[in-house]
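Hello,

Here is the structure I promised to pass on. Have a look first, then read my notes below.

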Amino acid sequence: MKKLLLTFSIVASLFANNDLRFNQKYSIKTIEFEGKIYKIRAYENIPYVKNIIDKDYQSFNFYILDENDDKKLQKAPIFLPNFIGGYRSAKITYIDDKSPFTQASLKALSNGYAVILAGFRGANNIKDGEYFGKAPASIVDLKALVRYLHFNDDLMLGDANKIISNGTSAGGAMSLLLGLSQNTNDYDEYLEKLGAAKADDSIYAISSYCPITNLENADMAYEWQFNDNYDYKTLKFSDMVDFRKKREFVTGKLNEEQIRESKKLAKDFVAYLNSLNLVYKGKKLNLNDDLNGSFKDYLTEILGADLNITRSKITLAFDKADLSSAENELFGDNTTKANHFSQNYESKTDKKLVDLMNIMNYLNNDKAAKFIRIRVGKLDSDTSFAISAIVALKLMENGFNVDYKLVDGVGHKGDYDLDELFAWIDEVVQENN
Ligand code: DHB
């Protein structure tokens with residue numbers, strides 16, 4: 001009896017300590033995809049850090065087909081979508097909760113992939129009057145989760161060396177940042193504080209739809225693209241920016257002051273773009289003082305962008321004077337709802353923090369994920385096409401395998417081309433076998 005009690009208390013204390021080791025207990029669920037029924041193993045509600053702040057946002061579910069071939073299950077690539085939108089939090093998602101965003105995961109499961117559906121903190125998280133998901137919380141949580149998967153690769157089915165991350169908009173930006181900033185120490189102090197597993201944080205491949213990134217330069221890029229294009233069709237409420245929400249619009253025209261600012265920012269973008277020294281097929285991409293040039297030709301002639309679509313954002317598009325944007329809220333802190341973050345304002349967030357969210361600082365990391373797929377709809381006016389083009393061009397120049405396209409007839413959304421997405425994933429996971 002005594003021995004039993006002792007055993008009990010050891011087990012209980014292990015549990016209380018949360019040693020971050022994976023519990024292999026699962027239940028069986030059934031899913032339906034394209035008219036077929038599949039039986040899957042469901043491992044649910046697993047915290048991925050020791051010092052949990054809120055389990056809805058720092059736990060995950062793990063799913064894989066229920067098959068007998070253990071060897072095959074061990075080798076299954078792991079599909080890791082994040083449902084981060086508007087730089088807001090994403091609550092843990094269940095495969096059977098009928099979310100419209102789980103289609104890609106159902107497809108992954110039916111293809112024999114393992115799937116992780118996790119929660120991540122974001123700018124809107126608040127508890128007892130304190131914010132707990134401001135920058136860089138979402139990317140830190142993603143990294144902590146990936147570390148957990150490597151730390152437990154021996155106990156979990158699926159192959160932690162074949163993680164494919166996927167996201168849209170703010171989540172597309174986080175997907176890129178996850179794979180491009182891997183193996184740096186820049187986020188360590190935050191991971192340490194969370195009690196993240198001490199393990200590798202690397203993923204294998206990146207899928208990103210319409211990434212909203214390079215935030216501190218996005219205002220300039222926006223006014224460059226939409227110069228002389230002053231009629232707008234903007235969101236009725238600022239929180240509708242989150243791609244997960246239904247959008248309603250109001251129309252109008254920029255006022256004189258906004259037009260003045262727009263002209264100045266467009267000029268500033270020319271200097272910024274030229275400072276990047278972009279190259280495509282050995283040819284330099286530039287802009288002239290009249291806002292035209294080879295970089296613009298690349299967008300229109302090579303990518304097929306129509307730069308005359310209607311703007312959806314009012315000048316300034318991202319770092320707003322009244323601090324009302326999703327990005328302003330991202331850069332708040334524990335007690336501050338929102339802050340400025342760009343050179344357009346004197347008082348702003350610490351540059352170090354803004355840098356932790358900006359992909360531009362991680363485009364030449366030789367330990368980054370090597371396979372990158374980026375898609376942006378040609379009707380998407382949430383950010384300038386220049387933003388994703390700059391990222392793709394720099395990555396290509398630095399030797400990455402980049403599949404980058406603008407897609408006809410598509411607005412601000414993701415996961416609309418699942419057959420092509422999975423054809424790409426199937427191909428890249430074969431590369432290092
Ligand atoms: C998202 C969209 C935006 O226009 C933006 O500025 C930030 C985030 C999104 O859908 O995630």
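Proline 136 sits in the loop between strand 7 and helix 4 (137–151). The peptide bond that joins alanine 135 to proline 136 is cis, with omega about 5 degrees. Bear in mind that this is a predicted model.

There is another cis bond to check. It runs from threonine 315 to leucine 316, and omega is near -10 degrees. Leucine 316 belongs to the loop between helix 9 (294–302) and helix 10 (326–330).

Threonine 315 also turns up in the surroundings of glutamine 258. Leaving out residues up to four places away in sequence, glutamine 258 touches Ile314 and Thr315. Glutamine 258 is part of helix 8 (residues 256–275). A polar atom of its side chain lies 2.7 Å from the backbone nitrogen of asparagine 255. Glutamine 258 has a relative accessible area of 17%, so it counts as buried, the cut-off being under 20%.

Strand 7 deserves a word too. Glutamate 130 is in this strand, which covers residues 130–131. At a relative accessible area of 40%, glutamate 130 is partly exposed. Its contacts, apart from neighbours within four places in sequence, are Asn125 and Asn334. If you want a distance check, take glutamate 130 and glutamate 216. They are 86 residues apart along the chain, and their C-alpha atoms are separated by 25 Å.

Now the ligand. How many residues surround it? The count is 13, and the closest are Gly86, Ser169, Lys313, Glu327 and Asp382. By class, this shell holds five nonpolar, four polar and four charged residues.

- Glycine 86: a polar backbone atom is 2.5 Å from a ligand oxygen.
- Lysine 313: an N or O atom of the side chain is 2.7 Å from a ligand oxygen.
- Alanine 170: a backbone N or O atom is 3.1 Å from a ligand oxygen.

The ligand taken alone exposes 290 Å², and the protein buries 100% of that.

Serine 169 is one of the closest residues to the ligand. It is found in the loop between strand 8 (163–168) and helix 5 (170–180). Is serine 169 buried or exposed? It is buried, because its relative accessible area is 4% and the limit is 20%. Not counting residues up to four places away in sequence, serine 169 touches Tyr209, Cys210, Pro211, Ile212, Phe243 and His412.

Helix 5 comes next in the chain, at residues 170–180. It is mostly covered, with 11 of its 11 residues buried. Among them are Ala170, Gly171, Gly172, Met174 and Leu180.

On to the core. Nonpolar side chains tend to be buried together in soluble globular proteins. Here the largest nonpolar core has 135 residues. Which of them have the most contacts inside it? They are Phe60, Phe62, Leu180, Phe269, Phe295, Leu299 and Tyr404. Helix 12 (residues 385–397) supplies the largest share of this core, nine residues.

Setting aside neighbours within four places in sequence, tyrosine 404 is in contact with Tyr298, Leu303, Ile374, Arg375, Val376, Phe385, Ser388, Ala389 and Ala392.

Last, two backbone angles to check. Leucine 20 is not a glycine, yet its phi is positive, about 65 degrees. It is found in the loop between helix 1 (2–17) and strand 1 (27–33). Leucine 20 is buried, with a relative accessible area of 3%.

Lysine 281 also has a positive phi, near 50 degrees, in a residue other than glycine. Its place is the loop between strand 12 (278–280) and strand 13 (283–285). Lysine 281 counts as exposed, because its relative accessibility is 75% and the cut-off is over 50%.

Best regards

Notes:
Residues numbered from 1 in each chain as written. Predicted model: local features only at pLDDT ≥ 70, side-chain atom pairs only at ≥ 80, totals over all residues. Heavy atoms only, no water. Near = heavy atom within 4 Å. Polar contact = N/O pair within 3.5 Å; in protein donor to acceptor, adjacent residues only side chain to side chain. Areas by Shrake-Rupley, 256 points an atom, 1.4 Å probe, with all protein chains shown as cover. Nonpolar A, V, L, I, M, F, W, Y, C, P; charged D, E, K, R; others polar. Core = buried A, V, L, I, M, F, W, Y, C linked by side-chain atoms within 4.5 Å. Buried < 20%, exposed > 50% of the residue type's maximum accessible area, 1.4 Å probe, protein only. Helix = DSSP H or I, 4+ residues; strand = E, 2+ residues; numbered from the N terminus. Contact = heavy atoms within 4.5 Å.
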